[in-house]
Structure formats: structure tokens, C-alpha cells
Amino acid sequence: SFACKCLTALADKTSDNMKLSLQISITLHRLFNNIADKLFSFFVPVLIYNATQNLFLALLFLLFEQVIRATLILLTKKICAKNPVLLISLRLITLVALQVLFVVNISFTWWTILIMATLVAINTAFYWPELNTIFAVTNKHPNTAKAVSAFENAGNLGKMIAPLIGGVLIFNNYLWVNILICFVFYSVSIVFLLINVKEINGRVKEVTNTKNTLEDNIKNNRSNLLWFYALMGLRDFAIDQSLPLILAVKNIDVNIIGLSYTMLELGIIVSNIITSFISTEKHWYVISLVCSALLGTLLMVVPFFINDVFVVVYTVVIGLLNPFCVNVMFSKLVGVPDARLINDVCNREAVIIGAKILPATIAVATCILPIGVIIGGVAYYLYAIPYTYEYKKDKLKEDGLTLEELKILAKNKDEAKMLDELIENQNKQTTKKNNKKTNPSQTNSENKNN
């Protein structure tokens, strides 16, 4: 409690004495935080396997992490909304503690694996819901796809730099140097948030006390979003958790693994820039389906034949194709409004992490490592389900259907009810406009009330 009060006082003083654009400070925070995060946490499953040569323990770590993380996100939704900057700042403790466990050469048993998984889970559970909410309530860019692309590129740049540095330091047994660099970068990332802490907390509080508008609920069809989030989780587990372990099992050096993921993030950055300019193109549906099919095939087939030379090329291709599969659809389905309520963001993260539990459980039960990338490959094919549904909605809009006609095509009672309310609101607005034309003397008072 005392530490929280001190940190809050420091945040207030920092925000009073330093001025920086809100968007710039959040972007720089994302960059420095991802460098600190990925310097070490990315390599934890690989280090466990290299130290023990026990694939079961490495997979058990991944399973523990996903279960604990999803549980924490669901249990701490109310806490997250009160002071997101404070929670993000306190993660420094878990980040350093995790690295110290490796420095002191702790023995790897199931309970030490549980401790490590808990530290990593806390580190991530108290970050992504908070950061996504901060981004959502502070973003003012009219183009959602471009805003998301710029925000993601800052994080991807950090993830591009960190694995390369971390891989070299860990490969040469410079763990203490890695801890020091991690501490410096993380501290700097916190400062960028503290600069604007008052404005951030004010906006989060203002928005989380409101409800999503009816239009947002219609735009963000929940059943379609559920599919999309679950598939994102399966995809992330394949690329970020399963693939590094596959490379370690094939005796690829840690620094080569770090280099390959640096190239993967470089490919993502390039494609993020491209997708930000094609988000309104009519052919997004075909492009997304083709890239999803290619990536699904690559994930299911190539890891069985990978080697030191081919791994870098393979990861670059994954990085280049992935944004074309996800970015446009993410902005169409989710957009910024969906993240404005901390409850929505926490639920979204819980679905994504919850989906990862499935391949992690199967992998632990069978000790078949490639099962994660195979399920991830299937997930890319299944992207066709939410994509096709959204494509049909776009076609209906192009055909100029009225709200009454859309109601006839509604797939469930909830969607029909929302359309009923929207029709009613539209009629009220029309009535108000007509009243203003017939009673111009009331216009000024009505505007003040609005």
C-alpha cells in the first residue's frame, strides 16, 4: 500500500513537470516495454528445455501460464479499470524476479515451473487489457486500421530488437547484463506513461463509466468476434509458443532463434505499413483468405523440415503474410470502440488466452510438440468463417438495404432487438429534426441540453 501511494505521488509530480504528446508517449512506452519484455520472457520455455532436456516441463510451463493468465484477467477486471498505469508499473517486480530465478540456477521441478509460469502470467495479465484500454480511449485517428497499424508497429519494433539482443546475451551466459538492460528499458517505458498519467486515468475513468453505444454493439457482432478472438489465440500459441520450442528441440541455437524472430517482426512491420493503406480496398476478402490459406499450410508442413539455414526465411514469410490475414479484419470487426470498456478488453483477452489452453493441454497430454503449430495452421483456415460473414455484411451495405430489411436478415433475437432499438432511435431523430424545422425557437435550448 505504501509503495502504491509513493508511485502515485511520483506519477502526479512527473506529469506536472514533464510535457509530451499523449500519443507519442504511449507509442514510446509500447516500444521500450516490448524491448524489456522480450529480452528474456520470450526465451523462458526454450531455456527450460535446454536446461532439462525435458519437453514435458517446457510444455507444462506453457499450460500453467495460459491457465493462470486467463484466470487473473477475469478476476481482476474491476481493479484494472481503477488505475491501469499503476498496475503496468508494478509489473517490474515480476519481470526482474523471473530472471533472478534463472541466475541463481534454481532446480526445475513442477512447482518451480509453476512459480515461473505465475510470474509470467502476472506480467502479461496486468498489461494487455490495461494498455489496449489506454490506447482505445486516447486514440483520435479517424482511420482505425492506420491507428492500429501504427500502434502495433511500435510494439513490433521493440519485439524485433529484443530477441536479437536477448538471444546473444543468453547464448553467451550474460544473464546479469540482460537483467540490467531489461530494468533500464522497462523503467524508461514507465516514465513515458507517468508523463500523462492524469490525462490517461481521467479518460479511462470517463469512458469506463459509460456503456457501449447501440451502433458499437451492432458493429461488433459478438458471436463473430468470439470466433475471431479464439482463432487469434490458437494462431498466437502456434507462432509465439510452439514454434520456438520446435526450433530448440531441433538443436537450433538460442541466438539463431532470436534472429529468426527479429526477422519475423521485421516482416510484420513491413506488412503493417502496407495493410494500413489497403484497409478500404474492396478486395480485402480475397487477399485475407489467400494469405490465411498460405500461412495455414506453412505452419502445418514446414516445421517438420526446418533447419538452421531455412528458419530465418521461414519466419520472414510468416511475418509478411500474417498482417494480411488479420489486420484488416481486426479493424472491421473490433475497431477502437470495442476496446473502450475495460470489461470488453478483459473478456477479449480471456477468450484469446483461453483458446491457447486447448493446444497447450493436448501438447502436455501427448508430448507431441508439433500439435500446437498444426492446430494453429487449422485456425488460419477457419478464419474463413468470420471473414465470410463480415464480407456478406459489407455486400448488404453496398446494396443499400434499410434497417428494416437488415432486421429480416438478423440471425438471432439479440441482433433483431438491437436493430429494433436503432430503428426507434432513428425515428426519434427524424422527429426531432422535423420539430426543429417547424419550431425554430426551441433549437437553442435543445442544443444546450444535448
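Biologist: How many aromatic pairs does the structure hold?

Modeller: The structure, a predicted model, holds eight aromatic pairs.

Biologist: Why is the pair of Phe-32 and Phe-192 called tilted?

Modeller: The ring centres of Phe-32 and Phe-192 are 5.6 Å apart, and a pair needs centres within 6.5 Å. Their planes stand at 45°. Stacked requires under 30 degrees and edge-to-face over 60, so the Phe-32 and Phe-192 pair is tilted.

Biologist: What makes this a link between distant parts of the chain?

Modeller: Phe-32 belongs to helix H2 (residues 22-38) and Phe-192 to helix H10 (residues 175-194), 160 residues apart. Ring pairs also join Phe-32, Phe-185 and Phe-192 into a cluster.

Biologist: Why is Phe-32 called partly exposed?

Modeller: The relative accessible area of Phe-32 is 21%. Buried means under 20% and exposed over 50%, so Phe-32 is partly exposed.

Biologist: And how do you know whether Phe-192 is buried or exposed?

Modeller: Phe-192 has a relative accessible area of 16%. The cut-off for buried is under 20%, therefore Phe-192 is buried.

Biologist: What makes Asn-33 buried?

Modeller: Its relative accessible area is 0%, against a limit of under 20%, so Asn-33 counts as buried. Asn-33 is also in helix H2. Setting aside residues up to four places away in sequence, Asn-33 touches Arg-91, Tyr-127, Tyr-186 and Ser-189.

Biologist: Why does Arg-69 count as buried?

Modeller: Arg-69 has 7% relative accessibility; since buried means under 20%, Arg-69 is buried. Arg-69 lies in helix H4 (residues 55-75). Apart from neighbours within four places in sequence, the contacts of Arg-69 include Trp-128, Glu-349 and Lys-356.

Biologist: Why is helix H3 called roughly antiparallel to H4?

Modeller: Helix H3 (residues 44-52) packs on H4 at an angle of about 160°, with the axes 8 Å apart. Angles over 145 degrees count as roughly antiparallel, so H3 is roughly antiparallel to H4. H3 passes H4 in a right-handed crossing.

Biologist: Which residues make the contact between H3 and H4?

Modeller: On H3 they are Val-44, Pro-45, Ile-48, Tyr-49 and Thr-52; on H4 they are Leu-55, Leu-57, Ala-58, Phe-61 and Leu-62.

Biologist: What is the mean pLDDT of the protein chain?

Modeller: The mean is 75, and 69% of the residues reach 70 or more. Over residues 13-19 the pLDDT is below 50, and this stretch has nine contacts beyond near neighbours in sequence. Residues 211-220 are also below 50, with 28 such contacts in the model. Where pLDDT is low, predicted coordinates should not be read in detail.

Terms used: Residues are numbered from 1 along each chain as its sequence is written. This is a predicted model: local features need pLDDT of at least 70, side-chain atom pairs count only at pLDDT 80 or more; totals for chains, interfaces and linings use all residues. Side-chain values use heavy atoms; hydrogens and water are left out. pLDDT is the predictor's confidence in each residue, from 0 to 100. Contact means heavy atoms within 4.5 Å. Rings of Phe, Tyr and Trp (its six-membered ring) pair if their centres lie within 6.5 Å; planes under 30 degrees apart count as stacked, over 60 as edge-to-face and the rest as tilted. Helices (H or I, at least four residues) and strands (E, at least two) are DSSP runs, numbered from the N terminus. Buried means under 20% relative accessible area, exposed over 50%, partly exposed in between (1.4 Å probe, protein chains only). Axes are lines fitted to C-alpha atoms, for helices over the stretch in contact, and angles run from 0 to 180 degrees between N-to-C directions. Angles under 35 degrees count as roughly parallel, over 145 as roughly antiparallel, 65 to 115 as roughly perpendicular and the rest as oblique. A crossing is left-handed if the near helix is turned anticlockwise from the far one by less than a right angle, and right-handed if clockwise.
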